[in-house]
Amino acid sequence: WLVRSSYIRAANSRHGHTKRMAGVAAPGMWTYVLLHHVAPGVGSVLAQFLFLSPLKEVLDARERGSIGALNPWPFLFMCLNCMGWLVYAAEIRDWYVFLANLPGLLIGLWYVMQCLPLMKDRAARAKLEWALVISFGVWVTAGELRVLLLSEVAWAGDIFAWGTVAGLVMFYASPLSTLYQVVKNRDASSIQERLPTLSFLHA
């Protein structure tokens, strides 16, 4: 809902079809409210349940002082996904997209910060750290290029939108990043139960 309604409003704004509430007939007004406020509002609420779903596993890992089977990569992709949507929210001037994803970015960062000290494997920890830094750098650079150099280029906005969707797909698929180890060791404990379920419902 959040994604669909965002694209609807962005498309309407781009082609000059967004109507003022005062000029919309009664049936059209309810459709306007549903698409522009109810749907993205519900999507924003569902997003918070999605972002908070791994909280128990992270707190358990912190309490025992070990990362154990907890897979930290979905938290990185949570940051990557939310960062992309925040930048895109500025592109389409959408407060619902901004308010839905700002908590996700902060929560994802907190998850990563909790997991990094628990990772005993230095190489794995460094890989996660660099991936986080690079992903932030990429999105900030993309946002700056869009504003400073490509603000009048229509196709740049479309590429930006598809890049954001790609980040969303990676986030949804990230719980399966340990699938090889799951099959090899016949142990699915690294796949968090609630995160994939809520990702499916949110999509």
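Helices (H or I, at least four residues) and strands (E, at least two) are DSSP runs, numbered from the N terminus. By that rule, the protein chain has nine helices and zero strands. This is a predicted model, in which local features need pLDDT of at least 70 and side-chain atom pairs count only at pLDDT 80 or more, while totals for chains, interfaces and linings use all residues. Residues are numbered from 1 along each chain as its sequence is written, and side-chain values use heavy atoms, with hydrogens and water left out.

**The chain as a whole**

Of the 203 residues in the protein chain, 40% are buried. Here, buried means under 20% relative accessible area, exposed means over 50%, and partly exposed lies in between (1.4 Å probe, protein chains only). A contact means heavy atoms within 4.5 Å. Among contacts between residues at least 6 apart in sequence, 77% join residues at least 24 apart.

**Two helices side by side**

Let us look at α4 (residues 73–92) and α6 (residues 122–148). Their axes come within 10 Å and cross at roughly 10°. The axes are lines fitted to C-alpha atoms, for helices over the stretch in contact, and angles run from 0 to 180 degrees between N-to-C directions. Angles under 35 degrees count as roughly parallel, over 145 as roughly antiparallel, 65 to 115 as roughly perpendicular and the rest as oblique. Therefore α4 is roughly parallel to α6. Residues making this contact include W73, L76, L80 and M83 of α4, and L128, L132, S135 and W139 of α6. They divide into 12 nonpolar, three polar and three charged residues. In this grouping Ala, Val, Leu, Ile, Met, Phe, Trp, Tyr, Cys and Pro count as nonpolar, Asp, Glu, Lys and Arg as charged, and the others, Gly among them, as polar.

S135 belongs to helix α6. Is S135 buried or exposed? S135 counts as buried because its relative accessibility is 9%. Leaving out residues up to four places away in sequence, S135 touches L76 and L80. A polar atom of the S135 side chain also lies 2.8 Å from the backbone oxygen of L132.

**From the loop into α5**

R93 sits in the loop between α4 and α5. Its phi is near 55°, a positive value in a residue other than glycine. R93 counts as exposed because its relative accessibility is 73%. Next comes a cap: D94 caps the N-terminal end of α5, with a side-chain oxygen 2.8 Å from the backbone nitrogen of Y96.

C115 is in helix α5 (residues 95–115). With 1% relative accessibility, C115 counts as buried. Apart from neighbours within four places in sequence, C115 is in contact with I67, L70, P72 and F75. The C-alpha atoms of C115 and R125 are separated by 9.0 Å, and the two residues are 10 residues apart along the chain.

**Two helix lengths**

The expected span of a helix is 1.5 Å times one less than its number of residues.

| Helix | Length | Expected span | End-to-end C-alpha distance |
|---|---|---|---|
| α7 | 20 residues | 28 Å | 30 Å |

Buried residues of α5 include V97, A100, L105 and Y111. Those of α7 include F160, T164, L168 and Y172.

Notes: A polar contact is a pair of N or O atoms within 3.5 Å; within protein, one must be able to donate a hydrogen and the other to accept it, and residues adjacent in sequence count only if both atoms are side-chain atoms.
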